[in-house]
Amino acid sequence: MLVAQLSDTHLKAGDDGDPCWGSRENDLRACVADIMELEGPVDCVLHTGDIAQFGRQEDYTLVSDVVEPLASNFFPVPGNRDHRSGLASKFLGSRMPRQQPFIIYAVDEFPVRLIGFDTLSAETMMGDLDEPRLAALDEILAVEGSKPTALFMHHPPFDVPGAEGCYKFQYDRPEAVDAFWQVLGRHPNVVRLFCGHAHRLTETTVNGVVCSTMPSVATDKHVGELPNEAIGKTLYMLHRFDERSNTFESSLRIVQGEKPSVKLSVSNFPQDIRP
Ligand SMILES: [Fe+2]
């Protein structure tokens, strides 16, 4: 099973003269075209949030147009720049059958169960996890208690390796993150967390769960150290699942460049990362 991860596209519809908007749209278009041309077909595409810069309906219409070739295999979660209901109505449809104030859903049709989880704070641009959301996570995880499961979410619920100051830990309340890990402690079948928000390439292990963040798809918003061949290039991630070991092998996909991808492991993830 092969999963592609996009994140932090920060798109905006309409031309206000700032060239960054067009370049971000081009970044996403290049990723989608590259995904469609991969030799080994991608089973699904996760987007870990900050899909649109201002979360307007016209922004999601633009994104929907760009990702149209991915058809029904595109699974987003909201970032702090997104608008929950705008995103859900455009992309999630029947995945979100109930009206609820947050987004949580499962993708059950693959060897790994995928859970999209909403980390938005009601108060700030940071993350937060209230009791209803954590109870919903506990409940949805209990539905398939033995199947290997990966969560994808915007704010990383851990200290981001290499990030400094306020960028290291991006939740309003540390106790909410503690409660999150208590929930995961009841579900040892969770094998992986895929996160966005940090705009940087990192991987770490928390309570035995491999957790990662990725560079923004928006090339102008990359943060931190990258392999030389990836600097300034359009990037996304590929995660290949090994059903024997229940682990993912991750690689950084370079859309334009002589070396198309860089295999990654914990040991060669850039750790000396500066904004
Ligand atoms: Fe972002």
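Predicted model: local features only at pLDDT ≥ 70, side-chain atom pairs only at ≥ 80, totals over all residues.

Two strands count as paired when DSSP finds at least two bridges between them. With that in mind, Gly116 stands opposite Phe152 in strand 6.

**Strand 6 and its cover**
- Strand 6 spans residues 149-153, and five of its five residues are buried.
- On one side sit Thr149, Leu151 and Met153, on the other Ala150 and Phe152, and both faces are covered.

**Neighbours of strand 6**
- Strand 5 (residues 113-117) runs parallel to strand 6, joined to it by five bridges.
- Strand 7 (residues 190-195) is likewise parallel to strand 6, and five bridges link the two.
- Within that pairing, Ala150 has Arg192 of strand 7 opposite it.

- A right-handed β-α-β unit is made by strand 5, helix 4 (residues 131-142) and strand 6.
- From strand 6 the chain crosses through helix 5 (residues 174-185) to strand 7, in a β-α-β crossover that is right-handed.
- Helix 4 lies across strands 4, 5, 6 and 7, and it runs at about 20° to strand 4.

- Six strands form an open sheet with mixed pairing, in the order 4-5-6-7-9-8.
- At the edges are strand 4 (104-107) and strand 8 (202-206), each pairing on one side only.
- From one strand to the next, the twist averages 20°.
- Strand 4 and strand 5 run antiparallel and share four bridges; here Ile104 has Phe117 in strand 5 as its bridge partner.

Methods: Residues numbered from 1 in each chain as written. Buried ≥ 20, exposed ≤ 12 C-beta atoms within 10 Å, placed from the backbone. Right-handed = clockwise from strand over helix to strand, strands pointing away. Axes fitted to C-alpha atoms, helices over the stretch in contact; angles between N-to-C directions. Contact = placed C-beta atoms within 7 Å.
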